[in-house]
Structures are given as structure tokens and as C-alpha cells.
Amino acid sequence: MQEDSLSRRQFLLAGTALAAAPLIGAPVVARAAAPHVLPPLPYPDNALAPVISAQTIGFHYGKHHQAYLTNLNKMVEGTAMAEMSLEQVVRSTAGVADKAGLFNNAAQVWNHTFYWNGLRPNGGGAPGKELALRIEKDFGSLEALRKELFTAASTQFGSGWAWLVEEGGKMKVVKTGNAETPLTRGMKPLFTIDVWEHAYYLDYQNRRADYINALLDKLINWEFVGKNLMS
Ligand code: FE2
């Protein structure tokens, strides 16, 4: 089956890291109009424990992510945006003052799907050879990249996200507040860390740094990063 004959929803339902890749920055060739559906997690809800517990996933995915999706569907129902894909809604509402609520919910749906796909059980470790070379070229070393990600995630004031992105052919680390996403800033997202308190408070309380370190060491899905980079 050709990629462009699949709906975006079918891609997400495939539930693999690769399935999330078409979300990234590429022109929208498939339509996935409302009602949008919550993509399944690419692993069981206890697969990321003890770094991220099943309880956290139950609230984070089952309540928060779901709530953003429910709000999105309510907000676009009966409007022209009901015919748009999720990416189109995010892009067309970014920076539009009277669409802030819709942007926040749509972007949070996108950001969370991307976050889940960037994690995997038994992740971390070393990236593949091609990605490792790119990291060395753009950051100097894997350790330097890790340090930048840690700093961005730990210093994001309040709710938000730390991102590894590619911009102008070069990888870099950025952070965004609340629902903001590099998707609307001319950058290609490669990986993200959710640093909203709901992402870690049940497991780590106020110890955000412990959550970030554990996630970077044990859950980062380098294959997902590499596929996004090469897409
Ligand atoms: Fe979150």
C-alpha cells in the first residue's frame, strides 16, 4: 500500500516509531479530518517502568493526552477546521490570538504523540552509526548533546518541552513553553522531553532532574531520532 493512500489516522494506529515519522514537518499528503483519535501507545503502559510508571502513563496518556484530544474535537466540530489534519490545525492556529485555545489543544495532541514515540523500553545507549556521526559533527560528542538536552529540560521555567530539532541542516536543542512546538517555527522535530509536572510528579515529585536523567539514560529511542532526521 502506498504511503499517501493511508490516512494519517491509519499511520498512527500502526503504533510504531516509524508510524510517527510522517507527522514531522512534511507536506500533508493524507487527510485525517475530525474526529481525531488518540493514537495507541507504541508499548504497554508498564513498559517504561520504573523510569515512568504505569500510573503516570495512565494519567498522562489516558487523561491528559485524551483531554487535549477531546477538547480539539469539540473545538473544531462544525467548523472548516474539522476538515483539516491535525498538523494543518496546529500550523493554521499558531500565533493567532483568537485561536489560542484551539492551538494549545491541537499542539498538545501532536507534541504528546511525538513524545511517546520518542521513548522505548530499554532505550538510551548509543545511537546508530550514521546518527552518531551527525551528533558528533553538530554537537562535538554524544555527551555534549546529552548535556544540552538536560540543561534545556531542567531550565525550562514552568510547563513546556525540551527538543532536539534540525534547522538549516544542523541539529540543535531548543525549549518551548506550554504547548508551543518547533513544528510551527521552521524546524524539524527529532525528539522531545515533556517537562510539564504531570509528566513526572507522581514518580519523582519535585525532582525533575532525576526524571530527565533517567529518561535520557534509559528511554530515548535513537532509532526514532534517526528516522526523523533522515525523513
Ligand atoms: Fe504532557
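Student: Which residues in helix 6 meet helix 10?
Tutor: E130, L131, R134 and I135 of helix 6 do, and they meet W222, V225, G226, L229 and M230 of helix 10. Keep in mind that this is a predicted model.

Student: How do the residues of that contact divide into nonpolar, polar and charged?
Tutor: The contact of helix 6 with helix 10 has 6 nonpolar residues, 1 polar and 2 charged.

Student: At what angle do the two helices pack, and how far apart are their axes?
Tutor: Helix 6 (residues 129-139) and helix 10 (residues 222-230) pack at an angle of about 75°, and their axes are 10 Å apart. Angles of 65 to 115 degrees count as roughly perpendicular, so helix 6 is roughly perpendicular to helix 10.

Student: New topic, the rings. How many aromatic pairs does the structure hold?
Tutor: There are 10 aromatic pairs. In one of them, W110 and F114, the ring centres are 5.0 Å apart and the planes are at 15°, so this pair is stacked.

Student: Where do W110 and F114 lie?
Tutor: Both are in helix 5 (residues 100-117), 4 residues apart, which is about one turn of the helix. In an α-helix there are 3.6 residues a turn, so residues three or four places apart point the same way.

Student: Are W110 and F114 buried or exposed?
Tutor: Both of them are buried.

Student: What about Y115 and W116, is that pair stacked or tilted?
Tutor: Tilted, because the planes of Y115 and W116 are at 55°, with the ring centres 4.9 Å apart. Y115 has 0% relative accessibility, so it counts as buried. W116 counts as buried because its relative accessibility is 2%.

Student: Which residues do the ring pairs link into a cluster?
Tutor: The cluster consists of Y61, W110, F114, Y115, W116, W161, W163 and F224.

Student: How many bridges join strand 1 to strand 2?
Tutor: Strand 1 (residues 160-167) is joined to strand 2 by 8 bridges. Along that pairing, V165 stands opposite K172, and W161 stands opposite T176.

Student: How many residues lie between strand 1 and strand 2 in the hairpin?
Tutor: There are 2 residues between them, and G168 in the turn has a positive phi of about 60°.

Student: And over how many bridges do strand 1 and strand 3 pair?
Tutor: Strand 1 pairs with strand 3 over 6 bridges, in the antiparallel sense. Here W163 stands opposite T192 of strand 3.

Student: Last one, helix 9. Which residues there are buried?
Tutor: In helix 9 (residues 208-218), the buried residues are R208, Y211, I212, A214, L215 and L216.

Student: What do the buried residues of helix 9 pack against?
Tutor: They pack against helix 5, helix 7 (142-155), helix 8 (201-204) and strand 3.

Notes:
Residues numbered from 1 in each chain as written. Predicted model: local features only at pLDDT ≥ 70, side-chain atom pairs only at ≥ 80, totals over all residues. Heavy atoms only, no water. Axes fitted to C-alpha atoms, helices over the stretch in contact; angles between N-to-C directions. Parallel < 35°, antiparallel > 145°, perpendicular 65-115°, else oblique. Contact = heavy atoms within 4.5 Å. Nonpolar A, V, L, I, M, F, W, Y, C, P; charged D, E, K, R; others polar. Phe/Tyr/Trp six-rings, centres within 6.5 Å; stacked < 30°, edge-to-face > 60°. Buried < 20%, exposed > 50% of the residue type's maximum accessible area, 1.4 Å probe, protein only. Pairing = 2+ DSSP bridges.
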